[in-house]
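Please find below my notes on the model. They are set out as numbered points, to be read beside the coordinates.

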Amino acid sequence: MQIHLLAFYISPGHNFRGHHGKPPGNNPVEFPQTIGCVEGKGIRGDRYFGFKEDYKGQITFFGQEVFEAAYNALPIQGAPPENLRRNVLTQGVDLNTLIGQTFRIGDVLFQGTVECAPCYWMDQAFATGMEDFLKGRGGLRARILSSGELSLGSAQLEILPAEV
């Protein structure tokens, strides 16, 4: 099946994690055309690269379809998708179906771990109600199982059979 990789977002620092009770940080978001995925580590240049061993969110995905639905349901008023702080904006795949699956995009192998649970910062970054709106559709956290690069555009998504 095809997956469309619409945008990549990486940041060298955290704007929300560790800022409870304080204003968000102001680390810039970068918009590369390709990202380097490193097995067991994450995305080169991203704040979670090498965060901790076996981290379940070495890379995060978010669906454009969900973002558009949020725009139609809430008064978001111009907040861009990079405010979600996910790494890859996708189109054409229900990301929840990849939880617990081993899958390949291009030459890179991933293990879908859990939903990216939304947090209270979503209401501040977008609009009141965004946190609740995203429950059950906040995106996908995954581990990187093989190193390689992803590039913007359409790519083949292959779900691998479970090992017996």
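1. Glu158 is partly exposed, at a relative accessible area of 39%. Here buried means under 20% relative accessible area, exposed over 50%, and partly exposed in between, with a 1.4 Å probe and protein chains only. Glu158 forms a salt bridge with Arg104, and the closest N and O atoms are 3.7 Å apart. The term salt bridge stands for a side-chain nitrogen of Lys or Arg within 4 Å of a carboxyl oxygen of Asp or Glu. The pair links distant parts of the chain, with Arg104 in strand 6 and Glu158 in strand 10 (residues 153–159), 54 residues apart. Arg104 also counts as partly exposed, at 27% relative accessibility.

2. A word on the basis of these values. The model is predicted, so local features need pLDDT of at least 70 and side-chain atom pairs count only at pLDDT 80 or more, while totals for chains, interfaces and linings use all residues. Residues are numbered from 1 along each chain as its sequence is written, and side-chain values use heavy atoms, with hydrogens and water left out.

3. The protein has three helices and 10 strands. Helices (H or I, at least four residues) and strands (E, at least two) are DSSP runs, numbered from the N terminus. From that terminus on, the order of elements is β-β-β-β-α-β-β-β-α-α-β-β-β. Of the 164 residues, 46% count as buried. Among contacts with a separation of 6 or more, 76% are between residues 24 or more positions apart; contact means heavy atoms within 4.5 Å.

4. The structure holds four salt bridges. One of them joins the side chains of Asp46 and Arg47, at 3.0 Å from N to O. Asp46 counts as buried, at 6% relative accessibility, and Arg47 counts as buried at 14%. Another salt bridge is formed by the side chains of Asp132 and Lys135, at 3.1 Å from N to O. Both Asp132 and Lys135 are exposed.

5. Arg85 deserves a separate check. Where does Arg85 lie? Its place is the loop between helix 1 (64–73) and strand 5 (88–91). Arg85 is buried, with a relative accessible area of 12%. Arg85 has no salt bridge, and the nearest side chain of opposite charge, that of Asp46, is 6.7 Å away. The side chain of Arg85 does make a polar contact of 3.4 Å with that of Ser11. A polar contact is a pair of N or O atoms within 3.5 Å; within protein, one must be able to donate a hydrogen and the other to accept it, and residues adjacent in sequence count only if both atoms are side-chain atoms.

6. Phi of Arg85 is near 60°, a positive value in a residue other than glycine. Phi of Asp54 is likewise near 60°, and Asp54 is not a glycine either. Asp54 sits in the loop between strand 3 (42–43) and strand 4.

7. Which residues of helix 1 are buried? They are Gln64, Val66, Phe67 and Ala70. Seen down the axis of helix 1, these residues fall within an arc of 160°, so they line one face of the helix. The arc is that of the directions from the helix axis to the C-beta atoms. The cover over the buried residues of helix 1 includes strand 1 (2–8), strand 4 (59–63), strand 5 and helix 3 (130–134).

8. How many aromatic pairs does a search of the whole structure find? The search finds nine. Rings of Phe, Tyr and Trp (its six-membered ring) pair if their centres lie within 6.5 Å; planes under 30 degrees apart count as stacked, over 60 as edge-to-face and the rest as tilted. Tyr48 and Tyr55 form a stacked pair, 5.4 Å centre to centre with 20° between the planes. Both of these tyrosines, Tyr48 and Tyr55, are buried. Together with Phe51, Tyr48 and Tyr55 form one aromatic cluster.

9. Phe61 and Phe103 form an edge-to-face aromatic pair, 6.2 Å centre to centre with 65° between the planes. Phe61 lies in strand 4 and Phe103 in strand 6 (residues 102–105), so the pair ties together parts that are 42 residues apart in sequence. Both Phe61 and Phe103 are buried.

Terms used. Lys, Arg positive; Asp, Glu negative; His and termini not counted.
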